[in-house]
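Morning, everyone. I have one chain to walk through today, so please look at the screen.

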Amino acid sequence: MTERLYRDDPYLLEFDAAVVERTAHESRPAVVLDRTAFYAESGGQPWDTGSLGPSRVVAVLESGDRILHVLESPLSADRVHGVVDGPRRRDHRQQHHGQHLLSQAFVRVASAETVSFHLGVESSSIDLDREVGDEALAAGEALANQVVWEARPVAVRTVTRSEAAALGLSVPDGAGDAVRLVEARGFDLQPCGGTHPNNTAEVGVVVLLGSEKHKGGTRVRFVCGDRALEGVRRRIRVLDRVGALLSAPLEAIEAALARSLDQLAAGHRQIRELRQLGIDAEAERLAATAAGSPAVVSRAYESWTPEDLRALAAAVTTRVRCVALLASRAEKAHVVFAQTPGLGCDMPGLVRVAAGMLGGRGGGRGDVAQGGGDRADQLDKAMDAARSALAADLESRQ
Ligand SMILES: [Zn+2]
C-alpha cells in the first residue's frame, strides 16, 4: 500500500521514497513507491506530473492500494527524490476546490446536486441533476465567489464511515472505513480524496463559461483562479484587436461588426448582379457572332471560374441554337461544352478529347459537360482538337 503524502499536505512538492516495485504500463516503464506526493487520477481530477530522479512522470494511476508512476524512461535507483510539478498542482487545487464551492452553492440556490465533475485541460465542468436557469446559475456563481472572498479556512480530517453517516454525508462504496472529509468552514463538507487549498481565497475567482442541458440536468462549464485570469487576458487581447480592426471602442464593437457584415452582404449581392450582367452581355455578343446551322461558338477566357463558364454556356445556348465550346485559362485550364437541347452532339465525348490533352479528365451528361487539367499551355491545341472532332461529327450527320 502506497502512503499518500498529498492527503496530509497538498502543498508538499518534494519527497524521498523507496522503489518497491518495477513494472510497465502500456509499454512504458512504471514504478510503485512506498510513499508518494503524486496525486493519481481519480474523482474527475487528473494526475500530477513531475519527476522521479532523472525520469519524467507522465501519468499517475490508482492500482488497487498502490499508486503506479508511469515514467518516460526507466528508473534504476532503489531510492528516489520526487518533485511534483507545482504550477499544475496549484491549478488543480484551484479548479477542484472551486468545484466544491460551486457544487455547494447550487445545492443552496437551486437544490441541485452535482452528479459528476470533470477537470479538463481548458475548463472544468459539473453536471447538475436538474435543469438550472440563468438566474440561478448567476446566483450560484455569486455565492461561490462570496465564499472565496471570505477567505474561509479549509480543513481536512479523517472519520469513520459511521461518523460520516452521522454527519449526514453519503460516502461512496469502496471508500473503506476511513473517510477523508474536506471542509470549507461553515459552508461545505464533503468526503473527498483530492488536493485542496488550505483557504478558500486560493481559488481566486470562480467564473462560469456557459451551460447546456445534459441528460435531464444541466452541465455547467467554469474556470477558477489563474485560468480565469488567463481567460480574461486572452479575451481582452482578442477584443482589443477586433476593436482596432473595426475602429470601435468595446461598447461599440458589436454594432460596428453587425454594420460591417451588412455591408459585406450587400457587396456580395451587388457582385452577383454585376456578374450576371457581364455574363448576359457576353452571351449577347457571342450569340450575335454565331453563324451556321447549328452554329458553333468557341471562345477561351482568362481566369474565369468553371461556374461562370457554365452560366455563360447556358446563356448562349438558350439565346441561339448552337454548340458552345468555352474554356478558361488560369493556373489550370477548364472547359465547358454545351449545346442547345435537341442537337444531339456528344458533349462528354468532346470534353474527354480536350481534357485528355490538358492532362486531366472530365465528364457530364447530355447537353452539358465539363473538365480540365493542369496543362494550361495546351489549351489552344485542346480547343482545336475539340472543334475538329465536332466538325467531323456534324459533317458525318449531314
Ligand atoms: Zn474534492
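Start with R275. R275 is partly exposed, with a relative accessible area of 27%. On our scale, buried means under 20% relative accessible area, exposed means over 50%, and partly exposed is in between, with a 1.4 Å probe and protein chains only. A word on the source: this is a predicted model, local features need pLDDT of at least 70, side-chain atom pairs count only at pLDDT 80 or more, and totals for chains, interfaces and linings use all residues. Residues are numbered from 1 along each chain as its sequence is written, and side-chain values use heavy atoms, with hydrogens and water left out.

What does R275 meet? The side chain of R275 meets D308 in a salt bridge, at 2.2 Å from N to O. That pair links distant parts of the chain: R275 sits in helix α6, D308 in helix α7 (residues 306-319), and they are 33 residues apart. Helices here are DSSP runs of H or I with at least four residues, strands are runs of E with at least two, and both are numbered from the N terminus. D308 counts as buried, at 16% relative accessibility.

The term needs its cut-off. A salt bridge is a side-chain nitrogen of Lys or Arg within 4 Å of a carboxyl oxygen of Asp or Glu. In general, side chains of opposite charge can pair when their charged atoms come close. The structure holds 23 salt bridges.

R219 bridges to D127, with the closest N and O atoms 2.7 Å apart. R219 lies in strand β15 (residues 217-224) and D127 in strand β10 (residues 124-128), so this pair ties together parts 92 residues apart in sequence. D127 is buried at 9%, whereas R219 is partly exposed at 26%.

Next, R329 and E302. Their closest N and O atoms are 3.4 Å apart in a salt bridge. R329 belongs to strand β17 (residues 322-329) and E302 to strand β16 (residues 295-302), so the pair ties together parts 27 residues apart in sequence. R329 is partly exposed at 23%. E302 is exposed, with a relative accessible area of 54%. There is also a network of salt bridges, linking E230, R233 and R237.

Now the metal. Which residues coordinate the zinc ion? The donors are H96 (NE2), H100 (NE2), C192 (SG) and H196 (NE2), at 1.9 to 2.7 Å. Donors are N, O and S atoms within 2.8 Å of the metal, or 3.2 Å for Na, K and Ca; water is not among the atoms, so sites may look incomplete. Along the chain, the spacing reads H-x3-H-x91-C-x3-H. H100 is in helix α2 (residues 86-110), while H196 is in the loop between β13 (188-191) and β14 (206-214), 96 residues away. Both are buried: H100 at 6%, H196 at 2%.

And the geometry? The 4 donor atoms subtend angles of 91 to 129°, which makes the arrangement tetrahedral.

Finally, the whole chain. There are 9 helices and 20 strands. Of its 398 residues, 41% count as buried. The C-alpha trace spans about 105 × 55 × 40 Å along its principal axes. The radius of gyration, taken over C-alpha atoms, is 36 Å, but a compact globule of 398 residues would have one near 21 Å. The globule rule is 2.2 Å times the number of residues to the power 0.38.

Notes:
Four donors count as tetrahedral if all angles lie between 85 and 135 degrees; four count as square planar and six as octahedral if opposite donors are over 155 degrees apart and all others between 65 and 115; anything else is irregular.
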